[in-house]
Amino acid sequence: VPEFLITLTTDFGLESPYVAAMKGALLSVNHSVRLIDLSHQIPAQDIRFAAFFLAASVPYYPAGTLHVVVVDPGVGTDRAILYVEVAGQRLLTPDNGCLTRIFETMGPPTTLIRVQEPHFWREVVSDTFNGRDIFAPVAGHLSLGVKPSKLGPIVKEWVTLEIPKPVTTSRGVQGEVLFVDHFGNLITNIPASSAQRRPNALTVGNRLLHRFAWVRTYGEAKIGQLALLVSSVGNLEVAVVQGDAAKRLGAGVGTPVDVGFAD
Amino acid sequence: VPEFLITLTTDFGLESPYVAAMKGALLSVNHSVRLIDLSHQIPAQDIRFAAFFLAASVPYYPAGTLHVVVVDPGVGTDRAILYVEVAGQRLLTPDNGCLTRIFETMGPPTTLIRVQEPHFWREVVSDTFNGRDIFAPVAGHLSLGVKPSKLGPIVKEWVTLEIPKPVTTSRGVQGEVLFVDHFGNLITNIPASSAQRRPNALTVGNRLLHRFAWVRTYGEAKIGQLALLVSSVGNLEVAVVQGDAAKRLGAGVGTPVDVGFAD
Amino acid sequence: VPEFLITLTTDFGLESPYVAAMKGALLSVNHSVRLIDLSHQIPAQDIRFAAFFLAASVPYYPAGTLHVVVVDPGVGTDRAILYVEVAGQRLLTPDNGCLTRIFETMGPPTTLIRVQEPHFWREVVSDTFNGRDIFAPVAGHLSLGVKPSKLGPIVKEWVTLEIPKPVTTSRGVQGEVLFVDHFGNLITNIPASSAQRRPNALTVGNRLLHRFAWVRTYGEAKIGQLALLVSSVGNLEVAVVQGDAAKRLGAGVGTPVDVGFAD
């Protein structure tokens with residue numbers, strides 16, 4: 001029997017016992033499953049961030065991996081829990097839009113099931129902690145070979161987030177910061193394919209930045225220099241080499257970013 | 001041979017090499033053991049927090065799991081290290097009270113051994129890092145099938161923490177904040193069973209809160225609303241929906257919480 | 001087939017999808033490898049810290065473990081990527097000096113290969129994320145038994161960091177803070193072997209500290225007391241018992257530390 005991989009993504013942090021309890025509840029169903037922590041530092045209740053995070057990581061996993069995602073401000077309400085198959089990956093998530101970018105980039109789900117059969121849950125279900133009481137045991141049972149069709153009915157609809165799209169202008173493209181990474185790099189929603197010509201103008205928030213380096217990688221610019229480059233997720237990125245662009249520019253998620261191109 | 005599960009709980013943080021060294025020392029004894037990180041973010045030297053954390057996570061693990069806990073301000077002194085069996089779980093911890101709540105909720109230990117046989121330790125033991133030099137190798141040897149009775153003598157006494165108990169008053173119940181979670185929710189020491197009637201008065205610290213929602217789950221109140229509910233650990237919890245109750249109310253561990261009930 | 005252990009050390013943090021993507025890229029090459037997180041909280045681009053961290057953790061691992069280290073400010077430039085064997089450990093790291101202390105303490109590398117054969121990389125390699133596109137798949141292939149000699153040519157030179165050495169003075173020894181741990185303890189670069197006589201004078205930065213306890217372990221001094229002791233990494237350490245020495249003394253990495261000894 002090959003080992004079964006389950007990844008965990010939550011906004012629980014690690015100062016609380018929630019991740020620990022969830023892992024226990026999962027291992028109690030299947031002692032042999034292999035758990036991979038993706039992150040427990042998704043910003044609290046930030047579904048849009050989760051959507052970005054998942055699209056930037058899930059596609060790299062081997063086919064058949066089960067990704068358990070608990071960023072779930074609607075816990076205990078009538079929001080659905082979904083079991084999803086898409087492009088060989090399997091996910092268990094609240095139906096709150098956190099898969100929006102996955103579906104955009106990997107295609108629509110090939111299987112979509114509403115998880116509602118309590119037989120696979122813990123006997124007592126807390127209204128504030130479905131991660132431990134529903135997601136974990138359901139993931140455990142799936143890893144033991146339970147057929148997804150046993151979990152509940154097939155559904156055809158799902159919640160989609162509105163994610164801001166970049167706009168083409170006469171001079172270039174207008175987008176915004178999608179995500180600030182751990183280094184303070186600003187990852188925008190502007191696809192690299194927009195930059196067919198050399199960028200020669202950059203505005204972040206209300207700062208028109210005259211001097212920046214258009215580079216292939218950080219090391220091509222000097223330490224402390226402002227740089228524009230293609231991020232590893234395929235979008236344009238504003239960085240300060242070995243510095244923190246978010247701090248330097250006072251920018252964050254949602255800050256408008258304008259890029260102009262040479263003729 | 002089934003795989004052996006060992007969980008790790010420390011206050012070492014992940015910016016230091018201590019967790020990494022400890023995992024290595026353990027894997028060097030048994031290469032095949034499976035390590036599960038519970039948390040390395042227990043607040044520094046906070047035994048009371050560890051006691052809460054363990055009681056909220058350990059019971060969910062499969063029987064036979066070995067939980068290694070190193071929150072150990074007394075490292076290198078004559079405080080004992082204990083091997084404990086309780087309700088099917090196994091633990092290796094300093095004898096400093098961090099099991100107080102486990103014993104309260106899971107019952108007294110069925111086996112209690114003072115770990116003092118250096119044969120199973122690293123050859124050189126640092127006086128400041130028993131996690132690497134004693135806990136890790138002992139856990140490794142246990143996972144290889146070493147009988148706990150080889151580790152040292154059976155003992156009958158252990159250190160117990162004083163944990164504040166809620167007090168019933170004429171109008172309701174008086175407790176305090178036991179724990180602030182990653183979301184800023186205030187988990188109190190007041191058991192849910194206290195709330196047989198509808199709570200109609202709430203005081204946190206010296207703030208008398210006239211308006212709060214008594215709900216089953218976060219989603220039943222509005223975003224930003226103050227809510228009182230039953231937490232996933234079974235106690236009353238004060239929350240701000242999609243907000244941070246600890247910040248809003250200026251509350252932390254030990255802040256008094258009073259709940260009054262309708263007649 | 002014994003399971004193959006791979007450890008991961010990065011400065012990516014866990015708020016970003018980079019660690020998650022890297023694990024996926026690795027598991028996609030070898031689904032059965034066992035991943036051990038050492039830390040993803042190495043301070044951003046801090047090669048000197050990484051050098052300290054690795055020397056304090058890598059030696060504790062079982063022989064044959066592969067350590068993947070991505071603290072890589074030079075990503076995408078012509079800095080080399082090295083496959084290294086040293087004292088039974090195997091490492092995959094940028095050639096930027098992060099192995100300096102490993103080589104100091106464990107000896108020079110017995111094998112050193114420049115990783116440059118793209119056959120073992122992801123097909124498309126991002127100039128800003130070699131962790132996902134080169135390090136992860138190469139580690140995966142090594143775990144499947146690919147011979148290191150297939151990865152590229154043997155090399156004989158590597159980058160070395162200048163690491164400050166302590167200086168012996170007439171009254172004692174002059175060093176500096178090498179590392180501040182999670183507890184605020186100041187680990188210096190002064191080896192314990194310097195303290196053949198009893199320390200009787202301590203200066204941290206420009207503070208001459210008249211009163212400190214020279215102890216074997218934290219528990220020998222009182223809570224809140226300043227203590228000098230031998231750290232678990234073998235150097236002198238300045239601590240405040242159950243407190244934060246870095247905060248109390250306003251000290252950080254590089255702060256000078258002077259220790260004088262009794263005659």
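Mentor: Buried area is the accessible area that two parts lose on being put together, summed over both. Keep that idea in mind as we read this model, which is predicted.

Trainee: How much area is buried between chain A and chain C, and what share do carbon and sulfur atoms give?

Mentor: The size of an interface is often given as the accessible area lost when the parts come together. Between chain A and chain C that area is about 2900 Å², and carbon and sulfur atoms give 57% of it. On the side of chain A, the residues that lose the most area to chain C are Y60(A), H182(A) and F183(A), which together account for 24% of what that side buries. Counted by residues, 31 in chain A are in contact with 33 in chain C.

Trainee: What does chain A come to in helices and strands, and how many of its residues are buried, as a percentage?

Mentor: Chain A has 5 helices and 15 strands, and its C-alpha trace spans about 60 × 35 × 35 Å along the principal axes. Of its 263 residues, 61% are buried. If we take the contacts in chain A between residues at least 6 apart in sequence, 66% of them join residues at least 24 apart.

Trainee: Which residues touch the most other members of the largest nonpolar core?

Mentor: In soluble globular proteins, nonpolar side chains tend to be buried together. Here the largest nonpolar core has 63 residues, and I6(C) and V68(C) touch the most other members. Helix α1 (residues 18-29) of chain C contributes the largest share of this core, 8 residues. Leaving aside residues up to four places away in sequence, V68(C) touches several residues, among them I6(C), L8(C), M22(C), L92(C) and F135(C).

Trainee: How far apart are the end C-alpha atoms of helix α4 of chain C, and what should its residues span?

Mentor: Helix α4 (residues 130-143) of chain C has 14 residues, which at 1.5 Å a residue should span 20 Å, and its end C-alpha atoms are 18 Å apart, which agrees. α4(C) is mostly covered, with 13 of its 14 residues buried, and G145(C), which follows the helix, has a positive phi near 105°.

Trainee: In which sense does strand β13 of chain B run with β14, and how many bridges join them?

Mentor: In a regular strand the side chains alternate between the two faces of the sheet. In chain B, β13(B) and strand β14 (residues 235-240) run antiparallel and are joined by 5 bridges, with L228(B) opposite V238(B). Their hairpin has 4 residues between the strands, and G234(B) takes a positive phi near 95° there. Strand β12 (residues 213-214) pairs with β13(B) in the parallel sense over 2 bridges, and A213(B) stands opposite A227(B). Because 4 of the 5 residues of β13(B) are buried, this strand is largely enclosed by the rest of the structure.

Terms used:
Residues are numbered from 1 along each chain as its sequence is written. Chains are lettered from A and ligands numbered from 1 in the order in which they are written. This is a predicted model: local features need pLDDT of at least 70, side-chain atom pairs count only at pLDDT 80 or more; totals for chains, interfaces and linings use all residues. Side-chain values use heavy atoms; hydrogens and water are left out. The expected span of a helix is 1.5 Å times one less than its number of residues. Buried means under 20% relative accessible area, exposed over 50%, partly exposed in between (1.4 Å probe, protein chains only). A nonpolar core is a set of buried Ala, Val, Leu, Ile, Met, Phe, Trp, Tyr and Cys residues joined through side-chain atoms within 4.5 Å. Contact means heavy atoms within 4.5 Å. Two strands pair if DSSP finds at least two bridges between them. Buried area is the accessible area (1.4 Å probe) that two parts lose on being put together, summed over both.
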